[in-house]
Structures are given as structure tokens and as C-alpha cells.
2 protein chains.
Amino acid sequence: MKVYRFGIAGPGVIAEKFVQGLMVTSNAVLAAAASKNISRAETFLEKYASKYPDTKAYGNYEEMARDPDIDAVYISNLNDAHCDTAMLFLNHKKPVICEKPFALNAMQVSQMIDCARLNNVLLMEAMWTRFLPVTERVVSWINDGRIGVPMHAISDFGMALIDRPEHRTLSFHNGGGALLDLGVYPISFFNMIFGGQPMLIQSMVAKANSGVDIAFDAVFRYKMTHNLYGEDHVTAYTTVSIDKNMTNRMLIIGSLGSIEITNFFAGQSAALYRSVEPAIVIEREPVEIFLPERVDFGYSHEIKSFLNCLDNGWKENPIMPLSDTLDVIKTMDLMRMQWHMKFPQEN
Amino acid sequence: MKVYRFGIAGPGVIAEKFVQGLMVTSNAVLAAAASKNISRAETFLEKYASKYPDTKAYGNYEEMARDPDIDAVYISNLNDAHCDTAMLFLNHKKPVICEKPFALNAMQVSQMIDCARLNNVLLMEAMWTRFLPVTERVVSWINDGRIGVPMHAISDFGMALIDRPEHRTLSFHNGGGALLDLGVYPISFFNMIFGGQPMLIQSMVAKANSGVDIAFDAVFRYKMTHNLYGEDHVTAYTTVSIDKNMTNRMLIIGSLGSIEITNFFAGQSAALYRSVEPAIVIEREPVEIFLPERVDFGYSHEIKSFLNCLDNGWKENPIMPLSDTLDVIKTMDLMRMQWHMKFPQEN
């Protein structure tokens with residue numbers, strides 16, 4: 001069994017959760033961390049010294065990219081740096097798993113994809129939600145026809161992330177905002193359920209003083225369907241906010257039933273309901289509940305899938321294909337266009 | 001104690017639920033029913049002959065309007081007839097409780113309100129949801145600050161009402177469609193929670209072959225708020241359908257907690273949740289659950305409130321004021337305008 005040696009580009013809070021995932025993965029180890037501030041990389045690695053005594057700290061990404069001892073790179077620096085960082089490692093033939101949002105816009109994502117293909121290297125968005133056992137179960141319930149045809153999905157997704165006006169998520173230059181940091185989750189989830197981009201988007205935004213979005217509401221139409229009586233449509237809604245907590249639930253309504261996911265982005269649990277006649281007083285108990293045990297924060301599942309691609313020589317992950325990553329960022333680009341919100345890098 | 005004698009205009013399925021409400025109301029009785037088809041009125045009254053042996057059937061509304069024995073009228077005929085029917089009874093000084101949708105559009109509702117004021121007679125929309133114990137409890141939770149500032153409301157509301165292309169709810173001429181028949185519930189509920197009309201509406205529709213709406217999705221913005229970081233907004237979403245069942249749940253998200261109402265339109269039960277930090281694996285148990293016993297289908301509460309107005313000589317119900325009825329139909333007019341959907345009567 002090949003054991004893959006991971007380098008971390010951007011060792012911050014999110015990277016700690018990634019290493020938690022590494023620690024429960026038998027064929028991967030933490031090998032290095034790189035930060036423009038080398039002491040940041042050193043401090044990060046020290047935390048895991050007992051488990052991973054043999055690691056290297058780098059004060060820049062280039063050196064880590066040239067290190068022949070690194071088998072794969074996890075990127076978790078600021079949103080605006082993802083594109084350049086990913087391309088640097090890809091050009092050094094390092095397989096890359098890069099945090100979401102994958103980049104600032106579709107142009108950057110296209111460049112990353114082209115770069116990976118040119119170098120014939122594995123590139124994958126770290127959309128961990130797609131690899132969670134709860135998500136797997138939900139997808140299999142849908143594929144097995146347990147809720148009939150999925151017709152709607154509804155998500156309220158909010159976290160009180162902002163605690164000061166200088167917070168990263170409010171930074172216009174670094175690609176902050178509710179859409180890129182949190183909105184990407186429901187949008188990517190909808191893309192997975194309904195199989196592609198929406199054909200119609202209606203959205204409304206509330207902006208921070210810095211220019212990014214603090215909160216938004218959006219309705220997406222995925223398909224028009226037709227029945228004996230006329231049209232019907234397949235739609236999804238999300239309300240997303242970085243200044244307050246919400247229930248973070250995902251509801252999927254099908255023609256024969258519905259699925260409710262608790263903390264959908266982290267795949268806490270899922271419940272399957274049968275559709276009921278519109279009786280007035282009904283007991284509505286789930287037909288099935290799925291509540292998996294957690295072995296880590298939840299990143300181990302995407303890590304295992306990434307490693308499986310490496311083992312098989314795949315250059316793309318079939319569960320989180322690059323075409324979906326590109327579709328999702330295109331949807332987000334369109335929403336920002338509706339909001340007249342361009343990042344400084346886009347002017 | 002004055003016992004009020006009710007006449008029913010349009011004795012159909014809904015009127016049966018109204019009479020169930022009368023039967024558990026001590027100061028009201030069923031006195032008459034009027035239908036253009038008198039045998040329909042007779043058949044209806046026969047069902048209640050053991051409880052109400054002393055009733056009269058009318059083959060037209062005018063005769064019932066002239067009957068000095070009738071203290072109040074409940075209108076439950078087809079949507080397009082509400083306006084004329086209500087005005088007929090109001091002009092005969094009969095207090096009127098009229099089913100929702102109150103009329104086809106704001107112009108008709110204004111005429112009805114003017115007519116009631118001119119005649120100095122009580123007029124009230126039969127929006128029974130507002131009078132249910134669950135709704136009362138939810139309003140008091142909100143007023144007591146139990147969820148902080150209400151920031152969002154989300155409702156999925158669908159019933160498989162259509163069973164043939166000629167179904168009443170598909171009738172363009174009779175004011176059919178998802179919006180007027182079902183959409184009025186969440187829109188009126190949002191109006192109650194957020195205190196008025198939305199300042200911004202985004203909606204998308206799926207139309208029946210007949211021209212009415214089978215399903216729609218809409219986001220409403222009620223208020224812009226401001227904090228240290230910039231804007232935030234108060235919004236509500238509903239997806240409504242007459243061709244499939246949904247969960248019929250109402251979720252209200254506040255700055256400090258949330259409320260979930262089961263079968264919100266019928267006020268089945270309500271649960272109050274505390275806002276939680278965005279922890280990943282959390283147990284999320286309600287702080288309080290309210291599950292009232294039902295004494296009837298649920299119309300008795302609006303009937304009692306209507307009778308209370310009569311006892312007090314009020315010409316308007318403070319819980320369901322005519323200004324709210326007018327605001328809600330104005331919102332619906334605007335949505336139909338967005339959908340290029342005009343009823344034949346409006347051309």
C-alpha cells in the first residue's frame with residue numbers, strides 16, 4: 001500500500017480539520033506545510049509533531065512544490081490565492097486538492113482545470129460534503145426512487161462567522177462574502193441533486209460595507225416538467241448568511257416523499273419521509289433515519305476518495321468532477337453579476 | 001347571550017368544515033343555505049337536520065339577503081363570485097365572513113371594503129389560520145422575543161388538489177391557480193409576522209394549460225436592516241403547488257432561535273428552538289413544543305372571533321384587519337403581473 005505524503009499550502013484553521021482527517025487515514029501522512037510566514041508553518045506542524053515527527057516547514061510555496069518528497073498538496077489559503085497556488089503545484093506535477101470556493105470566478109477555475117490537464121495531474125475541489133456518508137445515503141435514496149422525482153430543495157444556511165469588520169469573510173480583495181464561503185455548499189448540493197446548472201436564477205443580496213455579500217436569498221430553476229395539466233418546475237431555494245446562525249438544514253421534496261438533512265454541509269443525519277395526503281392532523285414519522293458515527297470532523301472521506309483517484313491514476317474525481325466545480329462557479333458568477341459585485345481583481 | 005343565525009352562501013366542501021365549527025360554538029347556529037341550485041342547498045342542510053332542524057334553503061342569494069332571520073353570512077362560493085356576493089349581503093346590512101382568496105384582485109377587495117364601510121357592517125376574511133391556537137402561540141413567542149428578531153420565514157406548501165383538467169383550481173375564469181387558492185396562506189402568514197407588504201418580490205411560475213399557475217416560487221424582502229458590518233435583510237420564501245403534496249411546514253428563523261410549525265395553515269403544532277453555535281454535531285432539541293387538542297377542523301376559532309366582533313359592534317376584526325387583507329391581495333396582484341397572468345375579468 002502506497003502511503004501518500006501531503007504538503008499543506010496555507011496552514012490555518014481549516015487545515016487543522018484536514019489533518020484530523022489525515023490522522024484517521026491509513027495511507028496518508030502529513031509531510032510538510034508552507035506559508036509565506038514560515039513560523040506559521042512551523043507552529044502548525046509542531047501541533048502534530050508526536051504523530052508526524054518527520055515534517056518540513058517552508059516559508060514559500062515554491063520550495064514545497066520542488067520537494068520530491070511531497071506526493072500531494074492540500075490548498076487552504078485565502079480564496080483569492082487558490083488559483084495561483086494550485087497552478088504552481090500542478091506545474092510541478094503535484095496532485096492538488098483545493099478548498100472551496102475553488103477560485104474567485106469561472107475564468108480562474110478554467111485556468112486551473114486547463115493547467116491540470118496540460119500537466120496530466122489530479123485536481124479536485126475539496127467539497128467534503130459530497131463524500132460524507134449522509135450525502136452518499138441521500139443520493140442512494142434518491143437514485144432508488146425513495147422520494148420519487150426530486151422537485152424542490154430548500155436550505156437555510158447561516159453562521160455567525162463575522163466578529164470584526166476586518167474578518168476574512170468580509171474582505172473584498174480576498175474573495176470574501178456569504179456566496180463564496182457558504183453559498184457554495186447549497187449551490188454545489190443542488191447541482192449534485194438536479195444534475196447541473198440552473199436554467200434560471202433569481203437572487204437578492206444584502207451587502208457589507210466592504211462590498212461583499214453578508215446575506216443573500218436565491219431561487220434556482222433547474223428543469224421545466226410537463227404533466228396532464230401543464231407545466232411544473234424543479235426549483236431550489238437557499239438563504240445564506242455569514243452574520244447569524246440558521247438551522248443549516250437541507251430539505252429535498254420529491255413527488256413521493258421528502259428527505260431532511262440536519263447540518264447538511266457536515267452531513268450530521270438524514271431522515272426519509274413518505275409523502276402524505278394533505279390531511280390536517282397527521283403524525284409524520286420518518287420511514288428511515290441515518291445517523292452515522294463520526295471518526296473525524298468529516299474530511300477523511302474526501303481524503304480517501306482523493307487517494308483512491310491517485311491509486312487508480314485518475315486525473316479527476318468522479319464524485320466531484322471538475323465540470324461540476326466549473327458549473328457551480330459559473331452559477332456564482334452569474335449571481336454576483338445580478339448583484340453588481342465584482343472583485344477588485346476582476347476590474 | 002345572543003345566538004347568531006348563520007346563512008351559508010355557496011354550500012360546498014369548505015362550508016361543511018365551517019358548519020363543523022358552528023357546531024362547537026355555543027352562540028351560533030346554522031339557519032340557512034343559498035345556492036343557485038336550490039337542491040344543492042337542500043342536500044347540504046339535510047346533513048345537519050338533526051342538529052339544526054329549523055333551516056331554510058334558498059335558490060338564490062338575494063332571498064337569503066332579504067331574510068330578516070339571518071344575522072350573518074358565510075361566503076364560500078367560487079373565488080370569482082366572492083366580491084359580488086359579499087357586496088350583495090353587505091348592502092342588505094348582513095355581516096359577512098368571506099373565504100380566502102377574498103376576491104380576484106385588489107380592486108375587488110377595495111370595493112368590498114368600501115361597501116362594508118358605507119353600510120357600516122362587519123366584514124372579515126375567513127383566514128382561519130390567523131385564529132388558530134398554534135398561530136396565537138407562535139405570535140406570542142415572537143412578541144416575547146423568544147427567537148430575537150425574526151429574520152427569515154420559509155414555507156413549502158403543496159397539495160395534490162388537481163385530479164382532472166376541469167378541476168376548480170385550474171379554472172381561469174373562476175380565479176383558480178396555486179397563488180389564490182394556496183399561496184394566500186404563506187403570504188398572509190408572512191404579512192402577519194413581518195407586519196405588512198414586502199418591499200421587493202422575486203417570483204417564478206409554472207403555468208397550467210388553462211393559464212393559471214400550477215406552481216410558483218417566490219422570495220419576498222420585507223425590511224433592510226443595518227449592523228456594524230453593513231446591510232442585512234429580512235426575507236421570506238415560499239414554494240407553492242396544487243399538483244403535489246409537500247411538507248406544509250413553516251420555519252421562522254430569528255436572531256436568537258427558530259420556530260417550526262407543522263402543517264402551518266392548519267396549525268397542527270409548533271416547536272421553539274434556541275439558536276446554536278455552528279457546531280458540527282449538535283443535538284437540537286426544541287425548548288418548547290405546543291400541540292393543541294383539536295375540537296373541530298379548525299374554523300371554530302375564526303367563528304368565535306367573528307362573533308366577538310358582532311358582540312362588540314366592531315366593523316372589522318383586529319386579528320385579521322381589512323388592511324392586511326388588502327395588502328396580501330396587492331402582493332398577489334403584483335406577482336400575477338410578474339407572470340403576465342390576468343384573469344379574463346381583468347381584460
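This is a predicted model: local features need pLDDT of at least 70, side-chain atom pairs count only at pLDDT 80 or more; totals for chains, interfaces and linings use all residues.
Some ground rules come before the structure. Residues are numbered from 1 along each chain as its sequence is written, and chains are lettered from A and ligands numbered from 1 in the order in which they are written. Local features need pLDDT of at least 70, side-chain atom pairs count only at pLDDT 80 or more, and totals for chains, interfaces and linings use all residues, while side-chain values use heavy atoms, with hydrogens and water left out.

I will start with how the two chains are arranged.

Next, the interface between the chains. Contact means heavy atoms within 4.5 Å, and 63 residues of chain B are in contact with 63 residues of chain A. Of the interface residues of chain B, 100% are also interface residues in chain A, so the copies meet through the same surface. Together the chains bury about 5,300 Å², 58% of it on carbon and sulfur atoms. Buried area here is the accessible area, taken with a 1.4 Å probe, that two parts lose on being put together, summed over both.

What holds charges across this interface? The rule finds four salt bridges there, a salt bridge being a side-chain nitrogen of Lys or Arg within 4 Å of a carboxyl oxygen of Asp or Glu. In one salt bridge between the chains, Asp232(B) pairs with Lys244(A), N to O at 2.7 Å. As background, side chains of opposite charge can pair when their charged atoms come close. There are also 26 residue pairs in polar contact between the chains, both residues at pLDDT 80 or more. A polar contact is a pair of N or O atoms within 3.5 Å; within protein, one must be able to donate a hydrogen and the other to accept it, and residues adjacent in sequence count only if both atoms are side-chain atoms.

On the chain B side, the elements giving two or more residues include β8 (200–207), β9 (213–227) and β10 (230–241). That side divides into 31 nonpolar, 16 polar and 16 charged residues. Ala, Val, Leu, Ile, Met, Phe, Trp, Tyr, Cys and Pro count as nonpolar, Asp, Glu, Lys and Arg as charged, and the others, Gly among them, as polar.

Now to the inside of chain A. It is divided into domain 1 (4–126) and domain 2 (133–291), with bounds from an automatic or database domain assignment. Their C-alpha centres lie 29 Å apart, and each domain gives eight residues to the contact. The two domains of chain A bury about 720 Å² between them, 55% of it on carbon and sulfur atoms. In domain 1, Leu78(A), Asn79(A) and Lys100(A) lose the most area to domain 2, together 55% of what that side buries. Between these domains of chain A there are zero salt bridges but four residue pairs in polar contact.

Lys100(A) comes up again in the backbone. A cis peptide bond joins Lys100(A) to Pro101(A), with omega about -10 degrees. Pro101(A) sits in the loop between β5 (96–98) and α5 of chain A. Chain B also has a cis bond from Lys100(B) to Pro101(B), with omega near -10 degrees. Asn248(A), not a glycine, has a positive phi of about 55 degrees, and lies in the loop between β10 (230–241) and β11 (249–254) of chain A. Helices (H or I, at least four residues) and strands (E, at least two) are DSSP runs, numbered from the N terminus. Most residues other than glycine have a negative phi, and most peptide bonds are trans.
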